[in-house]
Amino acid sequence: MASRLLHRLRHALTGDGPGEAAAGPEAEQFPESSELEDDDAEGLSSRLSGTLSFTSAEDDDEEDGEDDDDPDPDPLSAGDRVAGEDAGPSCAQAERSPPPDGQRGSQLLTRQLQDFWKKSRNTLVPQRLLFEVTNATVVKDPPSKYVLYTLAVMGPGPPDSQPAQISRRYSDFERLHRNLQRQFRGPMAGISFPRKRLRRNFTAETIARRSRAFEQFLGHLQAVPELRHAADLQDFFVLPELRRAQSLTCTGLYREALALWANAWQLQAQLGIPCGPDRRLLTLAGLAVCHQELEDASEARACCERALQLLGAESPHPLLAPFLEAHVRLSWRLGLDKRHSEARLQALQEAGLTPTPPPSLKELLIKEVLD
């Protein structure tokens, strides 16, 4: 099964197989059904036993209808433990605690996909992300009941880095599909999506089929440049993580928030966010605040320096003065040179472009409205 998946991924990445789609009305139809009706039982069994860990509620399924017709809660509410609580990631790379025993089987295919990506990334243009559902859990949160899918997002990065992860449910994927169809009818015409079912939503077979369908769905979207840069797709990957990280930071759960900020930073680096630096600056602010609160002044200062590099010499940004103030304070604490940041901050204050003292990063982070 792994060799067959790698074969399909090779076609999708090189653009000479069925995974490649062209933008516009003449886009090539993806012949592979997202419902995966052509999968044989042996292949499905291999996928279930070797690469996907999930819980099933098959015995209760007869009493349940569609799992995502209920009001949509915070998509990360049941998946906060995706990023390890004991992790202490830097602003450039997340360090995650080892996965539980139930997920170890999925690491084999993840490593194979990473090895394939590393071997091909120097020869294939453009470089694309790879997706793998590593865990699927039936969540019972009365009156709701749904499946939470955890996906590993693999792409450019250090060879030994852990892939970024996201946790989403069927309704999140469906909303993304609906929004993209409304905006990009031509490119979306050839991209299929797993249909809703009235029954048997929580069986092992349905979960496995949907897991692979979601992998293919995201891979197809990434194959079309017009869709790859769509704001809705960027929001799908990053916005829930940013909102949850912000909420945890505001409530003082800095270690848990740090793991989510780091995961969001890694996702943005892999996706190549095209819509400006504001979310990256907000992410760096969250990382700096959490590192500072956890008494890691060196990492907090490194995040401030990275943000100041992004800001450059452009017109004053609302976060410029807070980053300069934090950089001055952290540099003083570490005994490092702070004269350049002090001079820039003083110039802003003398020009009346920021109050004295400027608002802190934490204040702006709490007040920021993520939409």
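Phe 193 and Phe 214 are both buried (under 20% relative accessible area, with exposed meaning over 50% and partly exposed in between, for a 1.4 Å probe and protein chains only). The model is a predicted one, in which local features need pLDDT of at least 70 and side-chain atom pairs count only at pLDDT 80 or more, while totals for chains, interfaces and linings use all residues. Residues are numbered from 1 along each chain as its sequence is written, and side-chain values use heavy atoms, with hydrogens and water left out.

A pair of aromatic rings is described by the distance of the centres and the angle of the planes. Here rings of Phe, Tyr and Trp (its six-membered ring) pair if their centres lie within 6.5 Å; planes under 30 degrees apart count as stacked, over 60 as edge-to-face and the rest as tilted. By this rule there are nine aromatic pairs. One of them joins Tyr 170 and Phe 214 in a tilted arrangement, at 6.1 Å centre to centre and 55° between the planes. This pair links distant parts of the chain, with Tyr 170 in helix H4 (residues 170-183) and Phe 214 in helix H6 (residues 204-223), 44 residues apart; helices (H or I, at least four residues) and strands (E, at least two) are DSSP runs, numbered from the N terminus. Phe 214 is buried, with a relative accessible area of 0%. Phe 193 and Phe 214 form a tilted pair too, with 6.1 Å between centres and 45° between the planes. That pair also links distant parts of the chain: Phe 193 is in the loop between helix H5 (185-188) and H6, and lies 21 residues from Phe 214. Phe 193, Phe 214 and Tyr 170 belong to one aromatic cluster, whose members also include Phe 131, Tyr 149 and Phe 236.

Arginine side chains come into the picture as well. The charged end of Arg 168 sits over the ring of Phe 236, 5.5 Å from its centre, and that of Arg 169 sits over the ring of Tyr 146, 3.8 Å from its centre. The criterion is that NZ of Lys or CZ of Arg is within 6 Å of the ring centre and within 35 degrees of the ring normal. Tyr 146 is 25 residues from Ser 171 in sequence and 9.2 Å from Ser 171 in space, C-alpha to C-alpha. Ser 171 is in helix H4 and counts as buried, at 8% relative accessibility.

Now for the backbone. Most residues other than glycine have a negative phi, and most peptide bonds are trans. The bond from Pro 142 to Pro 143 is cis, with omega near 5°, and Pro 143 is found in the loop between strand E2 (130-141) and strand E3 (144-154). Another cis peptide bond joins Thr 356 and Pro 357, where omega is about -5°; Pro 357 is in the loop between H13 and helix H14 (361-367). A positive phi, near 60°, is found at Arg 200, a partly exposed residue with a relative accessible area of 37%. Glu 295 has a positive phi near 65° and lies in the loop between helix H10 (278-293) and helix H11 (297-311). Glu 295 counts as exposed, at 58% relative accessibility.

Overall, the protein has 14 helices and four strands, and buried residues make up 50% of its 371 residues.
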